[in-house]
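Here are my notes on this model, as numbered points. Please read them with the structure open.

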Amino acid sequence: MIAITPANSLQERFLNDFVDQVVWQHGSDTQRLCCRLRFHPLNKQKRSSQLAETIHSQLNITFPSTNMPGTLGEVITKIKNRFGDKMAADGIALDLLQRKKGREAHHPDSQSPWEIIYQWLWEIEFPRQGWKLAQEMATSAMAELQMIDPKKVDRDLVFNVAKATIRKGEEYALQVDFPHQGHLLLINQGVSGKRYCLCPSLAFSVDTQVTPDKKLHIPSIKALASSLRYQEMGNEYFLAILTENPVKLSWVNPDSEPADILVTDERLREIFQEVGRQGNAQVFSKKFEVVE
């Protein structure tokens, strides 16, 4: 398990921003906590009565489970007021956020109002903001991401961690060395602005496991590609996302084209949809300047 704090968890940062927009700074503490708990990915399968117990415990107040429907209803009204226009533009029928007795509750395929909002929040809004938000909050990985000679990936070498330049046309391997346990998703945004998913990918690495005592190399020894090589002068940007479980991508499978690593806008949405379905993610970044 990754040791996560709210400051460096991508989902926590997104959710905190959302709650701040729904319930103003001096708003009800119960509404704020209700909103945060009900729409947190780790609580998706929890009953509202369980979350009521958490509110009771964290706020040290009397908050019986019978209070939860009313408080959640107030939160949903505020979400509708704040984000209703955006949700409607995304195709969400806002009338479904007002539950009517005897309608959805007993239908096996029905969604409660909070479930509709949850799906919009993590399937549409989070992926829409994901790349920009990840860039904003990424921790500098000056020591954790190093370009090395691809012929020496099996050696325990000491590097100049301040070095962030790569020579045009030369071959490299990217060494990934995090003091965390998790699974790596690595995106390289090139000088042209195009994005490429290097891990997981058939060409560079299907192995995503990162542990404190295991260095990961891109490309891996068994990869189809033999090295990284850059021909354009400028900055090559790397965004590393560490998740608790592997991120499954539709275009990375045994039948895929190995060279298919381009991350289109549609694929970027898929990436952050998959990341959003997990509880926590840490984000790191580094720029390398391509020089003569």
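1. Start with helix α2, residues 29-38. Seven of its ten residues are buried, so the helix is largely enclosed by the rest of the structure. Buried means under 20% relative accessible area; exposed is over 50%, and partly exposed lies in between (1.4 Å probe, protein chains only). Helices are DSSP runs of H or I with at least four residues, strands are E runs of at least two, and both are numbered from the N terminus.

2. This is a predicted model, in which local features need pLDDT of at least 70 and side-chain atom pairs count only at pLDDT 80 or more, while totals for chains, interfaces and linings use all residues. Residues are numbered from 1 along each chain as its sequence is written, and side-chain values use heavy atoms, with hydrogens and water left out.

3. Which residues of α2 are buried? They are Thr30, Gln31, Leu33, Cys34, Cys35, Leu37 and Arg38. They pack against α1 (10-22), α3 (48-59), α4 (68-89) and α5 (113-137). Contact here means heavy atoms within 4.5 Å.

4. Now take α1 and α5. Their axes come within 10 Å and cross at roughly 110°. That makes α1 roughly perpendicular to α5, a label for angles of 65 to 115 degrees. Axes are lines fitted to C-alpha atoms over the stretch in contact, and angles run from 0 to 180 degrees between N-to-C directions.

5. Who makes this contact? From α1 come residues including Leu10, Phe14 and Phe18, and from α5 residues including Trp120, Trp122 and Phe126. By class, the contact of α1 with α5 has eleven nonpolar, two polar and four charged residues. Ala, Val, Leu, Ile, Met, Phe, Trp, Tyr, Cys and Pro count as nonpolar; Asp, Glu, Lys and Arg as charged; the others, Gly among them, as polar.

6. Look next at Val210 in strand β7 (residues 209-210). Val210 is buried, at 0% relative accessibility. Phe178 is 32 residues away in sequence, yet its C-alpha lies 7.1 Å from that of Val210. Leaving aside neighbours within four places in sequence, Val210 has contacts that include Phe178, His180, Leu184 and Leu242.

7. Is Ser227 buried or exposed? Ser227 is buried, with a relative accessible area of 14%. Its place is the loop between β8 (216-218) and β9 (228-229). Beyond neighbours within four places in sequence, Ser227 touches Pro150, Glu171, Tyr172, Phe204 and Pro219.

8. Finally, the whole chain. It has six helices and eleven strands. Of its 292 residues, 46% count as buried.

Terms used:
Parallel < 35°, antiparallel > 145°, perpendicular 65-115°, else oblique.
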